[in-house]
Amino acid sequence: MNETMVCVVGNVATQPVYRESPTGPTARFRLAVTARYLDREKNAWTDGHTSFFTVWTRRTLATNVAASVAVGDPLVVQGRLKVRTEQRDGQGWLSADLDAAAIGHDLSRGTSAFRRSARPDTQTGAPPQPEPSWETEPETAAAGRPEEAEQAGNAARPQLEPAGAT
C-alpha cells in the first residue's frame with residue numbers, strides 16, 4: 001500500500017494529551033507549521049500561512065512524547081499524512097493528521113539532552129544470559145568452564161613464533 005510519508009518542521013501548539021488504552025498508550029498534540037520567506041521589497045523575513053497538523057503517536061513513542069514535548073518546542077516530525085474531510089453542522093471540515101513514526105527536537109533552534117528510556121523486561125523470571133563470545137572457542141567455553149576453555153583454546157590455536165630479522 002502506498003502511503004504519503006512526510007517530514008514536517010514546526011512548533012508544538014498544544015500540550016500533548018496522553019492516554020492509556022487496552023491497545024497501548026497513545027498521545028496526540030497539534031503542530032503549527034509556518035512558512036517563512038524573504039520579502040525582497042522590505043529586505044526582511046516574513047511569515048506566511050500557518051498550517052496545523054494533529055500528530056498522533058502510539059506505544060513507546062507516545063510515552064516518550066508525553067515526557068519530552070512541551071508547548072512551543074520546535075520539532076521535526078516524520079510520519080504518514082492523512083487528510084480527512086467531514087461534515088459538521090452542515091459545514092465541510094478538512095483536517096490533516098500525521099501518524100508519527102519519528103519525532104525529534106529541531107536542533108537548529110536549540111539544544112536537547114537525550115536519555116534512553118528504560119525497556120520493559122520481556123523475560124519474566126528468566127536469569128540473564130551471559131554475553132556470547134564472538135571468537136571461535138571450543139565446546140567447553142559454552143559449558144561455562146572458563147579454565148578448561150582457556151586451556152583447550154590455547155591448545156587449539158597454532159603457536160606463533162617471533163619472526164627474526166636477517
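The following questions and answers explain some terms applied to this predicted model.

User: What are the ground rules for residue numbers and values?
Analyst: Residues are numbered from 1 along each chain as its sequence is written, and side-chain values use heavy atoms, with hydrogens and water left out. In this predicted model, local features need pLDDT of at least 70 and side-chain atom pairs count only at pLDDT 80 or more, while totals for chains, interfaces and linings use all residues.

User: What makes up the chain in terms of helices and strands?
Analyst: Helices (H or I, at least four residues) and strands (E, at least two) are DSSP runs, numbered from the N terminus. The chain has three helices and six strands, in the order β-β-β-β-α-β-β-α-α from the N terminus on.

User: Why is Leu-81 called partly exposed?
Analyst: Buried means under 20% relative accessible area, exposed over 50%, and partly exposed in between (1.4 Å probe, protein chains only). Leu-81 has 28% relative accessibility, so it counts as partly exposed. Leu-81 is found in strand β5, residues 74-88.

User: Which residues does Leu-81 contact, leaving aside neighbours within four places in sequence?
Analyst: Contact means heavy atoms within 4.5 Å. On that basis Leu-81 is in contact with Thr-4, Val-6, Phe-53, Ala-96, Asp-97 and Leu-98. The C-alpha atoms of Leu-81 and Asp-97 are separated by 5.9 Å, although the two are 16 residues apart along the chain.

User: Why is Asn-43 called exposed?
Analyst: Asn-43 has a relative accessible area of 63%, and therefore it is exposed. Asn-43 sits in the loop between β3 (26-39) and β4 (44-58). Its phi is positive, about 55°, although Asn-43 is not a glycine.

User: Why does Arg-59 count as exposed?
Analyst: The relative accessible area of Arg-59 is 56%, so Arg-59 is exposed. Arg-59 lies in helix α1, and its phi, near 55°, is a positive value in a residue other than glycine.

User: What makes Arg-88 count as lying over the face of Trp-93?
Analyst: A charge sits over a ring if NZ of Lys or CZ of Arg is within 6 Å of the ring centre and within 35 degrees of the ring normal. Arg-88 lies over the face of Trp-93 at 5.0 Å from the ring centre.

User: How many of the residues are buried?
Analyst: Buried residues make up 20% of the 166 residues in the chain. Among contacts between residues at least 6 apart in sequence, 55% join residues at least 24 apart.
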